[in-house]
Amino acid sequence: MWDPKQKGLRSVVRTLKGVATSDGAGVALTRVIGSPELDMLDPFLLLDEFRSDEPGDYIAGFPDHPHRGFETVTYLLAGRMRHEDNQGHAGVIETGGIQWMTAGRGIVHSEMPEQEDGLLWGFQLWVNLPADEKWVAPGYQEYPAAAIPREQRDEGVVIRVIAGETSLGNAGPVTGVSTQPQYLDVTLGNGATLAEPLALSHNAFLYVFEGAVGVRSDQGDGDAKVDAGSLAVLGTGEGVLISGAGANNRFLLVAGKQLKEPVARAGPFVMNTRQEVMDAFQDFREGRF
Ligand code: MN
């Protein structure tokens with residue numbers, strides 16, 4: 001087990017709330033990364049949370065739209081989403097399931113709620129691809145809840161391991177991604193503490209969606225409190241020490257290798273140059289996806 005006393009801890013360098021917005025055909029959501037406040041956190045381009053039991057907030061869904069140059073990662077906490085692309089791939093993401101979609105050179109797809117009422121709750125994260133992979137064939141890694149390892153640690157620490165490997169050796173089902181992502185869904189009881197190393201090459205954030213947590217500083221000045229609905233960007237260091245501060249606390253802990261490449265983006269296209277983005281719009285208009 002990683003010993004946080006021996007290593008540099010990653011402190012919170014900033015916290016921010018998401019921005020209420022709508023996307024698709026009128027889905028209400030909270031944009032946490034990809035907003036004016038936080039444009040991106042290399043390699044993460046966008047993080048949306050959608051959470052509503054009002055069908056009017058989600059029923060219109062995300063009809064046919066393109067993507068090129070990156071990956072979209074959909075993780076559902078509650079509800080069902082049907083997706084279908086223009087290359088013959090279709091399926092339903094269900095509660096607790098993950099879809100890691102590599103758009104690569106391009107797909108056109110729809111993402112529609114497979115429900116007419118009840119709670120729809122989840123996240124979509126956009127992960128950039130390095131320049132030499134922006135033209136790969138589209139691909140999917142899709143896993144239902146049962147395929148995601150659940151790591152139970154002592155004293156109220158439970159981790160669902162979606163991508164990457166924990167310090168106890170449990171690996172998530174999503175593999176082969178160049179940014180070597182760590183994507184953990186962590187539940188902490190009140191006072192329970194997660195100590196976990198993170199690769200030095202990686203940017204990392206946590207997004208709290210239930211309760212509150214305290215993130216230990218490397219300056220010995222106590223914990224930075226992060227409440228539900230807040231994103232905390234973590235600084236450099238070898239790992240994190242995070243404690244549950246409410247009765248029940250849950251957050252995403254996500255890290256990915258920085259690409260350090262130029263980013264040119266507009267809407268559903270994320271490339272390296274302005275010209276490549278313009279080409280994407282033209283290719284889409286002229287039916288070349
Ligand atoms: Mn999409």
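Buried means under 20% relative accessible area, exposed over 50%, and partly exposed in between, using a 1.4 Å probe and protein chains only. By that rule K260 is exposed, because its relative accessible area is 68%. What you see here is a predicted model, where local features need pLDDT of at least 70, side-chain atom pairs count only at pLDDT 80 or more, and totals for chains, interfaces and linings use all residues. Residues are numbered from 1 along each chain as its sequence is written, and side-chain values use heavy atoms, with hydrogens and water left out.

**The manganese site**

- Four protein donors sit 2.2 Å from the manganese ion: H65 (NE2), H67 (NE2), H109 (NE2) and E111 (OE).
- Donors here are N, O and S atoms within 2.8 Å of the metal (3.2 Å for Na, K and Ca); water is not among the atoms, so sites may look incomplete.
- Along the chain, the spacing of the donors reads H-x1-H-x41-H-x1-E.
- H65 is buried, at a relative accessible area of 16%, and H67 is buried too, at 2%.

**The largest pocket**

- The largest pocket holds about 430 Å³ of space.
- Its lining is made up of 23 residues, and the closest to the pocket centre are D23, R31, H65, H67 and W126.
- How is a pocket found? On a 1 Å grid over the protein atoms alone, it is an open set of points where a 1.4 Å probe fits, with protein on both sides within 12 Å along at least five of seven lines; lining residues have an atom within 4 Å of a point.
- For the volume, grid points are joined across faces, edges and corners, and you count the space filled by probe spheres set on the points.
- The elements that give two or more residues to the lining are strand 3 (27-33), strand 4 (44-52), strand 5 (62-67), strand 11 (120-128) and strand 23 (264-266).
- Strands are DSSP runs (E, at least two residues), numbered from the N terminus.
- Strand 5 gives the most to this lining, with five residues.
- Sorted by class, the lining has ten nonpolar, seven polar and six charged residues.
- In that sorting, Ala, Val, Leu, Ile, Met, Phe, Trp, Tyr, Cys and Pro count as nonpolar, Asp, Glu, Lys and Arg as charged, and the others, Gly among them, as polar.

**The nonpolar cores**

- In soluble globular proteins, nonpolar side chains tend to be buried together.
- A nonpolar core is a set of buried Ala, Val, Leu, Ile, Met, Phe, Trp, Tyr and Cys residues joined through side-chain atoms within 4.5 Å.
- The largest core has 30 residues, and L47, F123, L125, Y183, F205 and L231 touch the most other members.
- A second, separate core has 22 residues, including V161, L206, V240 and I242.
- Skipping neighbours within four places in sequence, F123 is in contact (heavy atoms within 4.5 Å) with residues including L47, F50, V73, Y183 and L252.

- Most residues other than glycine have a negative phi, and most peptide bonds are trans.
- A cis peptide bond, with omega of about 10°, joins D42 and P43, and P43 lies in the loop between strand 3 and strand 4.
- Q180 is not a glycine, yet has a positive phi of about 45°; this residue is in the loop between strand 14 (157-163) and strand 15 (182-189) and is partly exposed at 44%.
- K260, also not a glycine, has a positive phi of about 55° and lies in the loop between strand 22 (248-257) and strand 23.

**A few residues to look up**

- Q141 is in strand 12 (residues 139-143) and is buried at 17%.
- Leaving out neighbours within four places in sequence, Q141 is in contact with I98, Q99, W100, P173, V174, T175 and V177.
- L200 lies in the loop between strand 16 (193-197) and strand 17 (202-210) and is exposed at 57%.
- L200 and T236 are 36 residues apart in sequence and 6.9 Å apart in space, C-alpha to C-alpha.
- G156 is in the loop between strand 13 (150-153) and strand 14, and is partly exposed at 33%.
- L168 is in the loop between strand 14 and strand 15, and its C-alpha is 32 Å from that of G34, 134 residues away in sequence.

Technical notes: Helix = DSSP H or I, 4+ residues; strand = E, 2+ residues; numbered from the N terminus.
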